[in-house]
Amino acid sequence: FRAWVEAEVQNLRALGRCVIARFVHDHDGVPMLPPRRLGYKHVGELCLLTEAGDVLVNPKQLEKSTAERMGEYVEDHNPLFYLNLVASALLPQPDGLASP
């Protein structure tokens, strides 16, 4: 199935009709499941939304997860964080106002 999806995406990209991006908020652990070591491969380019408001496309290395950070992984899964970070990255901010 994965090979079929990748082939279809490539065909549509060649026609300029498909863009797939996978947005992940900072330390959100949910979009990283299931792990690659189980044979799973995510479709699309990873767009990492950082706490600083940056969007990193296909970052080379993500930090390893640790049990101590579990609360942050759950907190960063909040959809409101995603909405605020995408809005601040894509929408122009009025002069004098800081991004959320």
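Me: Why is Gly29 called partly exposed?

Reply: Gly29 has a relative accessibility of 25%. Buried means under 20% relative accessible area, exposed means over 50%, and partly exposed is in between (1.4 Å probe, protein chains only). Gly29 therefore counts as partly exposed. The model is a predicted one, in which local features need pLDDT of at least 70 and side-chain atom pairs count only at pLDDT 80 or more, whereas totals for chains, interfaces and linings use all residues. Residues are numbered from 1 along each chain as its sequence is written, and side-chain values use heavy atoms, with hydrogens and water left out.

Me: Where does Gly29 lie, and what separates Gly29 from Glu72?

Reply: Gly29 lies in the loop between S1 and S2. Its C-alpha atom is separated by 8.8 Å from that of Glu72, and the two residues are 43 apart along the chain.

Me: What makes up the list of elements in this protein?

Reply: There are three helices and three strands, in the order α-β-β-β-α-α from the N terminus. Helices (H or I, at least four residues) and strands (E, at least two) are DSSP runs, numbered from the N terminus. Helix H1, residues 2-14, has 13 residues, and Gly16, which follows H1, has a positive phi near 70 degrees.

Me: How do you know that the span of H1 is close to the expected one?

Reply: The expected span of a helix is 1.5 Å times one less than its number of residues. For H1 that expectation is 18 Å, and the helix reaches 18 Å from its first C-alpha to its last.

Me: How do you know that S1 and S2 pair, and in which sense do they run?

Reply: Two strands pair if DSSP finds at least two bridges between them. Five bridges join S1 (residues 21-25) to S2, and the strands run parallel. Arg22 has Leu46 in S2 as its bridge partner.

Me: What makes S2 and S3 a pair, and which residue stands opposite Val57?

Reply: S2 and S3 are joined by three bridges in the antiparallel sense. Cys47 stands opposite Val57 in S3. Their hairpin has five residues between the strands, where Gly53 takes a positive phi near 90 degrees.

Me: Why is Cys47 called buried, and how does S2 as a whole stand?

Reply: Cys47 has 7% relative accessibility and therefore counts as buried. Strand S2 (residues 45-49) is mostly covered, with four of its five residues buried. In the protein of 100 residues, buried residues make up 22%.

Me: What makes Phe23, Val55 and Val57 a patch?

Reply: Patches are made of residues with over 30% relative accessible area and no salt bridge, with like charges joined within 9 Å and nonpolar side chains (Val, Leu, Ile, Met, Phe, Trp, Tyr) within 5 Å. A salt bridge is a side-chain nitrogen of Lys or Arg within 4 Å of a carboxyl oxygen of Asp or Glu. Val57, in strand S3, has a relative accessible area of 49% and is therefore partly exposed. Phe23, Val55 and Val57 together have about 240 Å² of accessible area, by the Shrake-Rupley method with a 1.4 Å probe, where for residues only the protein chains shown count as cover.
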